Amino acid sequence: MVDEHTRPVVAVVVAAGLGTRFGGPIPKQITSLTGKAVVAVAVESLAAGGCDEAVVVVKEGMHNHLQLALAASPIPVHFVTGGETRQDSVRNGLRYIANDDRLSLATTVLIHDAVRPLVPAYIVEDVIEAVEAGAVAVAPVVEVTDTIRQVDGDVSRVIDRSTLRAVQTPQGFDRTVITECHEQLAQDGGTVTDDISCCERYGHRATLVEGSRMALKITEPVDLDIAEVLAKAAAGAGHHSGRRVGRMLRAVTPSKVADKLGRGGKE
């Protein structure tokens, strides 16, 4: 645990989503991944990358489930009830930090989706380091590998994917800046797709760092199956950061990934 006089790095973990596309009786945040709840794996990944405490934003009525899932968390966890939208939930998490005597000492805050459980530790480290070096809004991104078409009615055209990047979490921020931006957004009644866009809306520059395909978002049941394969591969590689697994994924075509990982990465 961080000394009470140091400035903690705090992660807001958004776990209040409904998960309508995932389906099933068990919310995806607490679905089992490698024998642990998805949200627990996410918090462990953030802790491995340098986060000192986590504020987990929970759907109304799910507090007991999340508390049980995170009982063995390697870092202190605080719980706050989410709002109607993701923006509302993030704002509630930031307000909790601002109103807590110790957490409010933080100058660096990360905002992470609980359903990206396998983010490598080195990505978390890179995001934190970028904020501490002076960036106010940082996001990890990965290259887009699929051909992308823009559709307008019956007409479509290919978009140059070399200029496109897929945005991931955790996103890192100067705590004061992101808190003020979310409060202003609430007053303005605006909508953004992620937190770095919230900062850009109010004139702050976005800084991008390299992300990882390990940090996939669990949206549908098949994503959980893929995450299980990746988690086992990372464990076999013997390094939490997943660098070796990342190299493996870049070295093969998508159709060969499952077969390659099934052999422990051996040719």
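Leaving aside residues up to four places away in sequence, His78 touches Glu53, Ala54, Val55, Val56, Tyr96 and Leu103, where contact means heavy atoms within 4.5 Å. The model is predicted, so that local features need pLDDT of at least 70 and side-chain atom pairs count only at pLDDT 80 or more, while totals for chains, interfaces and linings use all residues. Residues are numbered from 1 along each chain as its sequence is written, and side-chain values use heavy atoms, with hydrogens and water left out.

His78 lies in strand β5 (residues 77-81); strands (E, at least two residues) and helices (H or I, at least four) are DSSP runs numbered from the N terminus. With a relative accessibility of 18%, His78 counts as buried, a term that means under 20% relative accessible area, as against over 50% for exposed and in between for partly exposed (1.4 Å probe, protein chains only). In the protein chain, which has 267 residues, buried residues make up 48%, and the secondary structure comes to nine helices and twelve strands. Of the contacts between residues at least 6 apart in sequence, 69% join residues at least 24 apart.

Helix α3 (residues 86-99) and helix α5 (residues 175-188) have axes that come within 10 Å and cross at roughly 130°, axes being lines fitted to C-alpha atoms, for helices over the stretch in contact, with angles running from 0 to 180 degrees between N-to-C directions. At that angle α3 is oblique to α5, since angles under 35 degrees count as roughly parallel, over 145 as roughly antiparallel, 65 to 115 as roughly perpendicular and the rest as oblique. The contact brings Gln87, Val90, Arg91, Leu94, Arg95, Ile97 and Ala98 of α3 against Arg175, Ile178, Thr179, His182, Glu183, Leu185 and Ala186 of α5. By class, this contact has seven nonpolar residues, three polar and four charged, where Ala, Val, Leu, Ile, Met, Phe, Trp, Tyr, Cys and Pro count as nonpolar, Asp, Glu, Lys and Arg as charged, and the others, Gly among them, as polar.

Within α5, the buried residues are Arg175, Val177, Ile178, Thr179, Cys181, His182 and Leu185, and what covers them includes α3, β6 (108-113), β11 (171-174) and α6 (195-201).

In helix α4 (residues 121-132), the end C-alpha atoms are 17 Å apart, in agreement with the 16 Å that its twelve residues should span at 1.5 Å a residue, the expected span being 1.5 Å times one less than the number of residues. The buried residues of α4 include Tyr122, Ile123 and Val127, and just after this helix Gly134 takes a positive phi of about 125°.
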